[in-house]
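Dear colleague,

I am passing on the structure below, together with some notes on its charged side chains. Please read the notes with the coordinates open beside them.

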Amino acid sequence: MSYNNEDYRRQKHVHEIQGSVEIAEPREEPHNHRFATVSGEAIPYGAGDHYHEVAFRTDFYEDHYHEFCGRTSGAICVGGGRHVHFLESVTTVNDCHRHKFRVATLIENPIGKNC
């Protein structure tokens with residue numbers, strides 16, 4: 001696949017996302033997992049808002065991992081013309097359990113002058 005300068009001008013912003021899921025199996029085998037990813041590009045909706053699609057696979061622990069595919073909340077202003085997004089959900093079931101998680105994205109374009 002090749003890209004040209006026009007492709008980059010059309011691209012919308014993305015957010016880094018990292019976190020860990022809540023502990024599952026607290027009596028049998030308590031454990032959690034970590035994840036890190038980059039969201040999809042901004043998808044407009046409503047009157048001037050947007051969300052991002054997110055997909056990730058957790059780290060591997062005791063012969064299993066979990067996946068997630070969904071989307072963020074709308075933009076949450078954090079001042080200075082910048083924003084984050086919130087995501088609260090559950091992972092896929094694997095090894096007979098799933099994990100809940102809550103995470104906020106990192107700020108878009110963290111060192112840029114314009115938002």
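Glu88 is exposed, with a relative accessible area of 52%, in what is, please keep in mind, a predicted model. Its side chain forms a salt bridge with Arg102, and the closest N and O atoms of the two are 3.9 Å apart. Because Glu88 belongs to strand S9 (residues 86-90) and Arg102 to strand S10, this pair ties together parts that are 14 residues apart in sequence. Arg102 is itself exposed, at a relative accessible area of 53%.

Arg102 also meets the side chain of Glu22 in a salt bridge, with an N to O distance of 3.7 Å. Here Glu22 sits in the loop between strand S1 (16-20) and strand S2 (34-38), while Arg102 is in strand S10 (residues 100-104), so the parts that this pair ties together are 80 residues apart in sequence. Glu22 counts as partly exposed, its relative accessibility being 32%. Taken together, Glu22, Glu88 and Arg102 are linked in a network of salt bridges.

Another salt bridge joins the side chains of Arg34 and Asp59, at 3.3 Å from N to O. This pair links distant parts of the chain, 25 residues apart, with Arg34 in strand S2 and Asp59 in the loop between strand S5 (53-57) and strand S6 (67-71). Of these two residues, Arg34 is exposed, with a relative accessible area of 59%, whereas Asp59 is partly exposed, at 25%.

For the whole structure, the count of salt bridges is 4, and the pairs described above are among them.

Conventions: Residues are numbered from 1 along each chain as its sequence is written. This is a predicted model: local features need pLDDT of at least 70, side-chain atom pairs count only at pLDDT 80 or more; totals for chains, interfaces and linings use all residues. Side-chain values use heavy atoms; hydrogens and water are left out. Helices (H or I, at least four residues) and strands (E, at least two) are DSSP runs, numbered from the N terminus. Buried means under 20% relative accessible area, exposed over 50%, partly exposed in between (1.4 Å probe, protein chains only).
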